[in-house]
Amino acid sequence: MHIWGSGEPSGLHRKTPVFTAEELLREMDEAGVDAAVIHPPMSWDPGANDIAEAAAAKYPDRFAVLGQVDLTTPEESRKTLRGWRNRPGQKGLRFPLVRKEQRDWHSDGTMEWLWPVAEAEGLPVALLAGRFLPSFRRIAEAHPKLRLIIDHCGLMREAMDEAAFVTLDDLVALAKLPNVAVKATGAPGYSTQPYPFRNVHDALHRTFDAYGPKRFFWGTDITRMPCSYRQCVTMFTEELPWLKGEDLEWVMGRGIAEWIGWDFEFSR
């Protein structure tokens with residue numbers, strides 16, 4: 001989830017200059033969602049990391065954070081990441097790498113300093129990696145103790161329907177690496193069909209079969225979804241006949257909480 005306090009949201013996100021934690025909580029409550037992981041959208045709001053931490057400090061039983069540091073200042077950012085998990089809500093890191101100047105950072109050396117630091121600090125790292133899965137594999141293999149997350153089902157971010165799934169074979173093959181997980185975030189946004197978006201179900205099923213319930217995480221990215229928050233939930237809880245029982249519990253929250261080390265109370 002994203003919350004922000006300034007800027008112009010990118011892509012298909014709601015074109016509002018402010019989206020607060022309280023607004024998000026109201027939508028979560030209406031949808032029956034207990035908690036969310038905030039990804040600060042620093043590509044349009046440089047202060048989003050502080051906003052996310054403030055929300056997690058105010059609502060610690062509702063929000064965790066996968067935050068960001070400046071990847072271009074390694075010496076300073078190394079110091080910042082020491083004790084990162086002591087900051088309000090911070091459980092790890094997430095980098096979308098969607099801005100033009102960031103698109104090669106995963107392969108041009110800009111991020112090489114990050115992997116051993118995150119590995120040593122026990123910080124999972126999420127990446128919008130659908131467009132560079134071969135490079136992602138090399139990172140995961142080189143740092144086997146680093147927990148990595150592929151965002152948005154590993155799909156092509158700007159594609160729809162069948163075209164969005166051209167990387168599916170590479171995504172499934174990555175499941176052999178035990179330090180790699182997938183966030184099935186924003187699945188409705190890759191379909192031009194109406195709810196329940198049946199043309200993406202087979203790909204979700206194949207990904208789930210490869211990664212299993214403890215490494216395949218539901219998510220919404222609700223500020224750019226073509227359906228209601230509640231439909232984002234029920235697409236998984238009611239429309240996928242192969243996802244039931246304990247597996248469903250892991251996919252709908254237990255898995256991501258365990259992967260990022262969020263001691264969330266599920267019995268409430």
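Modeller: One term first: contact means heavy atoms within 4.5 Å. The model is a predicted one. Leaving aside neighbours within four places in sequence, Asp151 is in contact with His39, Arg94, Ala126, Leu127, Leu128 and Lys183.

Biologist: Why is Asp151 called buried?

Modeller: Buried means under 20% relative accessible area. Asp151 has a relative accessible area of 0%, so Asp151 is buried. Asp151 is found in the loop between β5 (148-150) and α6 (168-173).

Biologist: What makes the pair Asp151 and Arg94 a polar contact?

Modeller: The cut-off for a pair of N or O atoms is 3.5 Å, and one atom must be able to donate a hydrogen and the other to accept it. The side chains of Asp151 and Arg94 are joined at 2.6 Å, which therefore counts as a polar contact.

Biologist: Which strands form the sheet, and in what order?

Modeller: Seven strands form an open sheet, ordered β1-β2-β3-β4-β5-β6-β7, with parallel pairing. Direction ignored, neighbouring strands are turned by 30° against each other on average.

Biologist: What makes β1 and β7 edge strands?

Modeller: β1 (36-38) and β7 (216-219) each pair on one side only.

Biologist: How do you know that β3 and β4 pair?

Modeller: Pairing needs at least two bridges between the strands. Three bridges join β3 (residues 90-95) to β4 (residues 125-127), so the two strands pair, and they run parallel. Phe95 has Leu127 in β4 as its bridge partner.

Biologist: And how do you know that β1 and β2 pair?

Modeller: β1 and β2 are joined over three bridges in the parallel sense. In β2, Val65 is the bridge partner of Ile38.

Biologist: Why is β2 described as largely enclosed?

Modeller: Five of the five residues of β2 are buried, so the strand is largely enclosed by the rest of the structure. Both faces are covered: Phe63, Val65 and Gly67 are buried on one side, and Ala64 and Leu66 on the other.

Biologist: Which helix packs on the sheet and touches β1, β2 and β3?

Modeller: Helix α2 (residues 48-58) does, and its direction makes about 155° with that of β2 (63-67).

Biologist: Which residues have the most contacts inside the largest nonpolar core?

Modeller: They are Phe63, Phe95, Leu127, Ile150 and Phe236, in a core of 81 residues. Not counting residues up to four places away in sequence, Leu127 touches Phe95, Leu97, Met111, Trp115, Phe132, Phe136, Ile149, Ile150 and Asp151.

Biologist: How many disulfides are there?

Modeller: The count is zero. A pair of cysteine sulfur atoms must lie within 2.5 Å to be called a disulfide. For Cys232, the nearest cysteine sulfur is that of Cys227, 3.6 Å away, so Cys232 is in no disulfide. For Cys153, the nearest cysteine sulfur is that of Cys232, 11 Å away, and Cys153 is in no disulfide either.

Biologist: Are Cys153 and Cys232 buried or exposed?

Modeller: Cys153 has 6% relative accessibility and counts as buried. Cys232 counts as buried at 1%.

Biologist: What makes Ser191 a buried residue?

Modeller: Its relative accessibility is 6%, so Ser191 falls under the 20% cut-off. Ser191 lies in the loop between β6 (180-185) and α7 (201-211). A polar contact of 2.6 Å joins its side chain to that of Asn199. With neighbours within four places in sequence left aside, its contacts are Met160, Asp161, Phe197, Asn199 and Val200.

Biologist: Where is the cis peptide bond?

Modeller: The cis bond joins Tyr195 and Pro196, with omega about 10°. Pro196 is found in the loop between β6 and α7.

Biologist: What is noted about phi of Asp161 and of Asp221?

Modeller: Phi of Asp161 is near 55°, a positive value in a residue other than glycine. Asp161 is found in the loop between β5 and α6. Phi of Asp221 is also near 55°. Asp221 sits in the loop between β7 and α8 (229-237), and counts as buried at 5% relative accessibility.

Methods:
Residues numbered from 1 in each chain as written. Predicted model: local features only at pLDDT ≥ 70, side-chain atom pairs only at ≥ 80, totals over all residues. Heavy atoms only, no water. Core = buried A, V, L, I, M, F, W, Y, C linked by side-chain atoms within 4.5 Å. Buried < 20%, exposed > 50% of the residue type's maximum accessible area, 1.4 Å probe, protein only. Helix = DSSP H or I, 4+ residues; strand = E, 2+ residues; numbered from the N terminus. Axes fitted to C-alpha atoms, helices over the stretch in contact; angles between N-to-C directions.
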